[in-house]
Amino acid sequence: MADGLGQREAFRADVLEGLSKPQKTLPSRWLYDDFGSQLFERITGLPEYYPTRTETRILSDHAGEIGAFFGEKAVLIEYGAGSGLKTEIVLGALDDPACYVPMDIAGDFLEQSADRLRETFPGLLVRPVTGDFTTDFDLPEDLASEGRGAFFPGSTLGNLGPTQAQAFLRRVRGHVGEGGGFVLGLDRKKDVSRLLAAYDDAQGVTAAFNLNILTRINRELGGTFDLRAFEHEARWNEEAAAVEMHILCTAETRVAVGDETFSFAAGETIHTESSRKYDLGAFAQTARAAGWTLEAIWSDAEELFGVLALR
Ligand code: AVJ
């Protein structure tokens, strides 16, 4: 991967900074190395993890409306690699699409899924862009400006902090331009027990996904985490309206990462992810502040998940 070295240094900087804070943190984007991405794929099929299957169902139930919303000859930009069924449903719903632009930080994964989509949709122009959608980035200069639309499924917006999320919504507004559409998937507020089960499954796949970030630090940054002293924890943060993943230290320990050492008290945690849950009415106000008007909400019978059409 051409950006491997830059990524490694960015990872190191984030880890050293995050572990130096009073509340230790690690940004959730680093959960997704090869093994982490495989574990996430397994999470999406778990009985407790309702978001993926629910959103997929909503998209297929409303494929006709989604196709009409984006219009003819759409230039569809997806934030995230778009390897899955959800992308195929939306691409399949489009009327003679001009181009599909997936963007992701994992360059090689992006190329692989682009190749697969070219086979599934012969004649579709696929133009992957490597970049981090949580920071400012440019789209290819020669990309048609007419008919642009955006797709951001998975409630991944909920992994961004409120300030980052607002900046992201504005950036997408700039990318698609006046009149451009945005289909956004958001996980809805619900019973806390149901939410926590989705992030602490009985098979322990989410636990493995969370703890894998320590193994990654050991391997890539010369870390000395002893995995026996750490446990997965899922918490509901009412104020932030988010499920938080933490890594709980169960016994006092010191850990080296390269030349630096960090001490952990028993009971201390590393906050690794926030997954915000939405009141869709309140979110419409947030979206409006970023220049979006809500045109439609599609949901499931249990009102677990929402797919919003914004323009
Ligand atoms: C990346 C937003 C789809 O927050 O629900 C799944 C990641 N973390 N289980 C989410 C995740 C723990 C997931 N998304």
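A residue is called buried here if 20 or more other C-beta atoms lie within 10 Å of its own, exposed if 12 or fewer, and partly exposed in between, with C-beta atoms placed from the backbone. Keep that in mind as we walk through this predicted model, in which local features need pLDDT of at least 70, side-chain atom pairs count only at pLDDT 80 or more, and totals for chains, interfaces and linings use all residues. Residues are numbered from 1 along each chain as its sequence is written.

Let's begin with the whole chain. Its secondary structure comes to 10 helices and 13 strands, taken as DSSP runs numbered from the N terminus (helices are H or I with at least four residues, strands are E with at least two). The C-alpha trace spans about 60 × 45 × 35 Å along its principal axes. Of the 311 residues in the chain, 36% are buried. Two residues are in contact if their C-beta atoms, placed from the backbone, lie within 7 Å. Among the contacts with a separation of 6 or more, 71% join residues 24 or more positions apart.

Now turn to helix H7, residues 162–176. Its 15 residues reach 21 Å from the first C-alpha to the last, close to the 21 Å expected at 1.5 Å a residue (the expected span is 1.5 Å times one less than the number of residues). Leu169, Val172, His175 and Val176 are buried in H7. Seen down the axis of H7, the buried residues fall within an arc of 120°, so they line one face of the helix; the arc is that of the directions from the helix axis to the C-beta atoms. Those buried residues pack against strands E2 (75–79), E5 (148–152) and E6 (181–187), and against helix H10 (280–289). On the other side of H7, Thr163 and Gly174 are exposed. Just after the helix, Gly177 takes a positive phi of about 75°.

Next, find the ligand. The residues around it are Ile43, Pro51, Gly154, Ser155, Thr156, Gly158, Asn159, Tyr199, Thr206, Glu273 and Ser275, where a residue counts as near if its C-beta atom, placed from the backbone, lies within 6 Å. This shell divides into 3 nonpolar, 7 polar and 1 charged. In that count Ala, Val, Leu, Ile, Met, Phe, Trp, Tyr, Cys and Pro are nonpolar, Asp, Glu, Lys and Arg are charged, and the others, Gly among them, are polar.

Finally, look at Asp259, in the loop between strand E9 (253–257) and strand E10 (260–264). Asp259 is exposed because it has 7 other C-beta atoms within 10 Å. From Asp259 to His62 is 53 Å in space, C-alpha to C-alpha, and 197 residues in sequence.
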